[in-house]
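Subject: Structure for your review

Dear colleague,

Please find below the structure I am handing over to you. My notes on its side-chain contacts follow.

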Amino acid sequence: MDDATSSLGTTTPGVRMALRALHPASRVLDAACGAGFDAAALAGRGMEVTATDANEAMVRATRDRLGAAGLVARVERARWAELGSLLDPGGFDAVLCCGGSLGHAGSSLDNLLATFCRLLTPGGVMITDSQHWEAVMATGDHVVVDPRPVQRNGATCRATYHWRASGSADSASVCEMDVVLEIEAANDTTVRSHSLHFSPFSTRRLLEATRGAGFVVETCDPRADDHRYSLVARKPAA
């Protein structure tokens, strides 16, 4: 799954391990597909993939990526609140929600996890990751330079993350992050900036919401020295 044509977009170790454990014929919902790296990697392995994102540009990027690779998957623009009416209950063996996307759920976190559980077949697995919000909020305002430049289509991209964080992960505070991308190509450098807003939650809160949605937690691996952790949970078998 890690060759040039089917590399996963997620780098969270626990998520990658859980994805590798899926059966090649699994029906997978990627509920925050972004630019489609994970969706393409899983479809390339033979899985039946449904990819959704609320952002139309990300949906287009996912379709383009799948088309360029000659892969087939269902790709839909949909907000999380729409998934329950768009997709069939019990229609998936796995639900994937990565890239720290749960930080955008806010007060809808409980409903979102409950929707994921309804969409899974009995015995199905939810695979997700989260920012370690306790560590982020405890650090306060800070800057993180990604040590791994991305090279693609003859260009090199370097990312810097400017965090604005105050309060605690248990409060109702909002955390903001500016992503600054420096893209070097053909002796020219372009700088792009994107602002993101998150609703932090503690690991305890995520675990409570996961269990309250009907899941049994299999792994949850936060570490104080890591900015992101994985959570893998399973819907009980009938």
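In this predicted model, glutamate 176 and arginine 164 form a salt bridge, with their closest N and O atoms 2.7 Å apart. Glutamate 176 belongs to strand S9 and arginine 164 to strand S8, so this pair ties together parts that are 12 residues apart in sequence. Both residues are partly exposed, glutamate 176 at 25% relative accessibility and arginine 164 at 33%. Asp178 joins them, as Arg164, Glu176 and Asp178 are linked in a network of salt bridges.

Glutamate 184 has a relative accessible area of 35% and arginine 158 one of 36%. Elsewhere, glutamate 76 meets arginine 74 in a salt bridge at 3.2 Å, N to O. The count comes to 11 salt bridges.

Turning to the aromatic residues, the count is three aromatic pairs. One of them is the edge-to-face pair of tryptophan 133 and tryptophan 163, at 6.0 Å centre to centre with 80 degrees between the planes. Tryptophan 133 lies in helix H6 (residues 133–139) and tryptophan 163 in strand S8 (residues 155–164), so the pair ties together parts that are 30 residues apart in sequence. Tryptophan 133 is buried, at 0% relative accessible area, and tryptophan 163 is buried at 7%. Ring pairs link Trp133, Trp163 and Phe198 into a cluster.

Finally, arginine 65 lies over the face of phenylalanine 37, 3.7 Å from the ring centre.

Yours sincerely

Methods:
Residues are numbered from 1 along each chain as its sequence is written. This is a predicted model: local features need pLDDT of at least 70, side-chain atom pairs count only at pLDDT 80 or more; totals for chains, interfaces and linings use all residues. Side-chain values use heavy atoms; hydrogens and water are left out. Rings of Phe, Tyr and Trp (its six-membered ring) pair if their centres lie within 6.5 Å; planes under 30 degrees apart count as stacked, over 60 as edge-to-face and the rest as tilted. Helices (H or I, at least four residues) and strands (E, at least two) are DSSP runs, numbered from the N terminus. Buried means under 20% relative accessible area, exposed over 50%, partly exposed in between (1.4 Å probe, protein chains only). A charge sits over a ring if NZ of Lys or CZ of Arg is within 6 Å of the ring centre and within 35 degrees of the ring normal. A salt bridge is a side-chain nitrogen of Lys or Arg within 4 Å of a carboxyl oxygen of Asp or Glu.
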